[in-house]
Amino acid sequence: MKKGILFTALFLFSVALVMSQGRRNFRSNTIPLIGVEAPSFTAESTKGTINFPADFGSSWKIIFAHPKDFTPVCSSEILELAYQQESFSSLNASILVLSTDILSQHFLWKAALEEINYKDRGARNINFPLVSDDSYRVSNLYGMIHSEESIGENIRGVFIIDPDNKVRSILYYPNEVGRNIDELKRTLIALQNTRNNNNVVTPANWKHGDDFMVPVISAQEKANIGNPDSPYYQLSWFMTYKKNQ
Ligand code: BEZ
């Protein structure tokens, strides 16, 4: 009898120890901040083994993490991504969807999603890889485990990574709010425009084709404002725009 109690106590103690170790590991994950080199990893996916970022060359890369397969909000997000996958490809952006679910689960979920006629737009093949991170390696590398929200799942995280493999944008959403794929695309286009045009930034609600803002202009350019050949105009001395022509 005493042996039984001792054995049960020991068992419960070991379980508690393992769980607390697990929580500590999840907490040890750090977020790669904007401007740093995107952490590299190797993982299995519905498109085979992924070596990130090497396999994606000089494209822009979007890591799109989600909490769990077969959940309603995540399903709607992946479907919205599938409807826009060609436009992301034409923007030279590679999408990787990632979660801590196992690969066989990803295959089942992908097949089920590919049968859905979402918002009357017809069924779509999912051409981007669903990456399995059941070891939590990638999630820890990218700070995707937010223990207060959920212990064993990714958070809704998005990393936009530029052709030089530097992190350019980080978005985190809570479990209860689905992401806006149009906003993701808008951010990508804004990043591409500011990378390709010297000394410009994008104002609030900027969309493709809108005028840029300029953080600094030279005294000569400033003096030329108001002349028809000047690409610049000002709403105030601290708000300078450049025409997007
Ligand atoms: C969802 O994607 O629907 C979801 C994921 C995790 C928790 C709650 C909802």
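Visitor: Where is asparagine 125 found?

Guide: Asparagine 125 sits in the loop between H4 and S5. Helices (H or I, at least four residues) and strands (E, at least two) are DSSP runs, numbered from the N terminus. This is a predicted model, in which local features need pLDDT of at least 70, side-chain atom pairs count only at pLDDT 80 or more, and totals for chains, interfaces and linings use all residues. Residues are numbered from 1 along each chain as its sequence is written.

Visitor: Is asparagine 125 buried or exposed?

Guide: A residue is buried if 20 or more other C-beta atoms lie within 10 Å of its own, exposed if 12 or fewer, and partly exposed in between, with C-beta atoms placed from the backbone. Asparagine 125 counts as exposed because it has 9 C-beta neighbours inside 10 Å. Its C-alpha atom is separated by 8.5 Å from that of lysine 110, 15 residues apart along the chain.

Visitor: Which phi value does lysine 119 have?

Guide: Most residues other than glycine have a negative phi, and most peptide bonds are trans. Lysine 119 has a positive phi, near 50°, and lies in the loop between H4 and S5. Aspartate 120 is in the loop between H4 and S5, and its phi is positive too, about 60°, although it is not a glycine. Lysine 119 counts as exposed, with 10 C-beta neighbours inside 10 Å; aspartate 120 is exposed with 5 other C-beta atoms within 10 Å.

Visitor: Which peptide bond is cis, with omega near 0°?

Guide: The bond from phenylalanine 52 to proline 53 is cis. Proline 53 belongs to the loop between strand S2 (48–52) and S3.

Visitor: How do I read the burial pattern of a helix, and which residues of H4 are buried?

Guide: Look down the axis and see where the buried positions point. In H4 they are His106, Trp109 and Leu113. These fall within an arc of 70°, taken from the directions from the helix axis to the C-beta atoms, so they line one face of the helix. Ser104, Ala111 and Ala112 are exposed on the other side of H4. Two residues are in contact if their C-beta atoms, placed from the backbone, lie within 7 Å. The buried residues of H4 pack against H2 and strand S5 (130–132).

Visitor: What does H2 pack against?

Guide: Helix H2 covers residues 72–83, and its buried residues are Cys74, Glu77, Ile78, Leu79, Leu81 and Ala82. These pack against several elements, including strand S3 (60–65), strand S4 (93–99) and helix H6 (181–196).

Visitor: Which residues have the most contacts inside the largest nonpolar core?

Guide: In soluble globular proteins, nonpolar side chains tend to be buried together. A nonpolar core is a set of buried Ala, Val, Leu, Ile, Met, Phe, Trp, Tyr and Cys residues joined through C-beta atoms within 7 Å. The largest one here has 37 residues, and those with the most contacts inside it are Ile63, Phe64, Ile78, Ile95, Leu96, Val97 and Leu98. Among the elements that each supply at least two residues of this core are H2, H4 and strand S6 (156–161). Not counting residues up to four places away in sequence, phenylalanine 64 touches Leu81, Ile95, Leu96, Val97, Leu98 and Val158.

Visitor: How many helices and strands are in the protein?

Guide: The protein has seven helices and ten strands. Of its 245 residues, 26% count as buried.

Definitions and conventions
The expected span of a helix is 1.5 Å times one less than its number of residues.
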